[in-house]
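User: Could you take a close look at one part of this structure for me? I'd like a connected account of a single residue and its surroundings.

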Amino acid sequence: MTAVSELPLSLALPVAREGAAVRRTVAQWRAEGLRVALVPTMGALHDGHVSLVRLALTQADRVVVSVFVNPTQFGPSEDFAAYPRTEAADAVRLSEAGAHLMYAPTVEDMYPPGFATTITVEGVSRGLCGDRRPGHFQGVATVVSKLLMRAQPDVAVFGEKDYQQLQVIRRLVADLDLPVEVIGAPVVREDDGLALSSRNAYLSPGERAIAPHLHRILVEVTRALTSPETEAGTPAAVILARGEVALRAAGFDDVEYLELRDASTLAPQAAFVRGRPARLLAAVRLGRTRLIDNMAVEA
Ligand code: AMP
C-alpha cells in the first residue's frame with residue numbers, strides 16, 4: 001500500500017496497487033463487522049463520481065474506489081491513450097469525499113501475461129452502445145467481475161449515466177450469483193443539463209455550447225412519448241424520428257441512436273405504455289467526442 005506522493009499529509013488516502021492488498025484490507029474491515037462498498041471508476045473524477053461515493057457512504061461503513069482505465073473496454077479506434085488520467089487530483093477528491101481506500105491497479109496487475117478469460121453478457125449488451133462499440137461490454141463485464149472478486153464488497157455503486165452498463169452489471173451479478181448488492185445512482189448534471197462526464201473535457205467552447213441540447217431534446221421527446229395524444233396511438237418511431245431531426249438541427253454531427261427501451265430488460269418498445277417503466281437512451285457525436293445520455297420515461 002502506498003500514499004500518492006503529491007498529496008498533503010492531511011489528505012493522504014491509502015492507495016492500493018495490487019488486488020491482494022485490497023482483499024486484505026477489506027477482509028480486515030469485514031472481520032470487524034464493517035460493511036464495505038465498491039465504486040468502480042476510470043478516474044478523471046468529477047462531481048458525478050463524488051455523488052456515487054456519497055451514496056456509497058450512506059450504504060456502507062467503508063468505501064473503496066477503484067480507478068482503472070480499462071484497456072479491454074476501448075475499441076482499437078477509441079480514446080484509450082488520450083483518456084484523461086489525473087490520479088493525484090483524484091486522490092484528493094476521494095479523500096475530501098470521505099472514501100477510505102483508492103484502488104489503482106496497473107494494467108499488468110489486472111491482466112498478467114497469459115490472461116485468457118472474457119465474460120460475455122448476452123441480451124442487454126445487444127444494441128445501443130453494444131452495437132456501436134463491439135467488445136465494449138465484454139471488457140466492462142470482465143473487469144467488473146475481477147474488481148468484485150478482488151474487493152469482495154457487500155455493495156457496489158454504478159451511475160445511471162451509463163444506463164446500459166448498469167443493466168449489464170445487474171444481469172452479470174444475478175446470473176453468476178455474485179454476493180453483492182448493485183445500486184444505481186441518478187445522473188448528475190451541469191446547471192444547463194449536460195450530464196457530467198470525463199469526456200466533456202474534450203469539447204471545444206463551440207461544442208460545449210451545443211452539448212446541453214442533448215438533455216433538452218431528451219426531455220422534449222420524453223414529454224411527447226408520455227403525452228395523452230401520443231398514448232392515443234402515435235408510434236414511438238415517429239416521435240423518435242422527430243427527436244433525431246431536432247438533434248441534428250441543434251448541431252450534433254451524428255446521432256448514433258435515440259431509442260425507447262424497457263427500463264430493465266432494454267427490450268425495444270414500439271410505444272410507451274402507462275405503468276411500464278421505460279428508458280429513452282441516446283448517443284451522439286460532436287466533433288470527435290461521443291456523448292451518451294438517458295432519461296426515465298414513466299407515467
Ligand atoms: P467512468 O469513470 O466514466 O467509467 O464512470 C464511473 C462510474 O461513475 C460509472 O458507474 C458511471 O456511470 C458513473 N458516472 C459517470 N458520470 C456520472 C454522472 N454524471 N452522474 C452519475 N454517475 C456518473
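His49 is buried, with a relative accessible area of 15% (buried means under 20%, exposed over 50%, partly exposed in between, using a 1.4 Å probe and protein chains only). This is a predicted model, in which local features need pLDDT of at least 70 and side-chain atom pairs pLDDT 80 or more, while totals for chains, interfaces and linings use all residues. Residues are numbered from 1 along each chain as its sequence is written, and side-chain values use heavy atoms, without hydrogens and water.

In its unreviewed entry, UniProt lists His49 under "active site"; such annotations may be inferred rather than shown by experiment. His49 sits in helix H2, residues 47–59 (helices are DSSP runs of at least four residues, strands of at least two, numbered from the N terminus). Beyond its neighbours within four places in sequence, His49 is in contact with Thr41, Gly43, Ala44 and Ser198, contact meaning heavy atoms within 4.5 Å. Its side chain also reaches the backbone nitrogen of His46 at 3.0 Å.

Now for the ligand: His49 is among the residues that come nearest, along with Gly159, Asp162, Val188 and Leu196, out of 17 around it (a heavy atom within 4 Å counts as near). A polar side-chain atom of His49 lies 2.9 Å from a ligand oxygen, and one of Asp162 lies 2.6 Å from a ligand oxygen; the limit for such N or O pairs is 3.5 Å. Helix H2 gives the most to this shell, with three residues.

Methods. A polar contact is a pair of N or O atoms within 3.5 Å; within protein, one must be able to donate a hydrogen and the other to accept it, and residues adjacent in sequence count only if both atoms are side-chain atoms.
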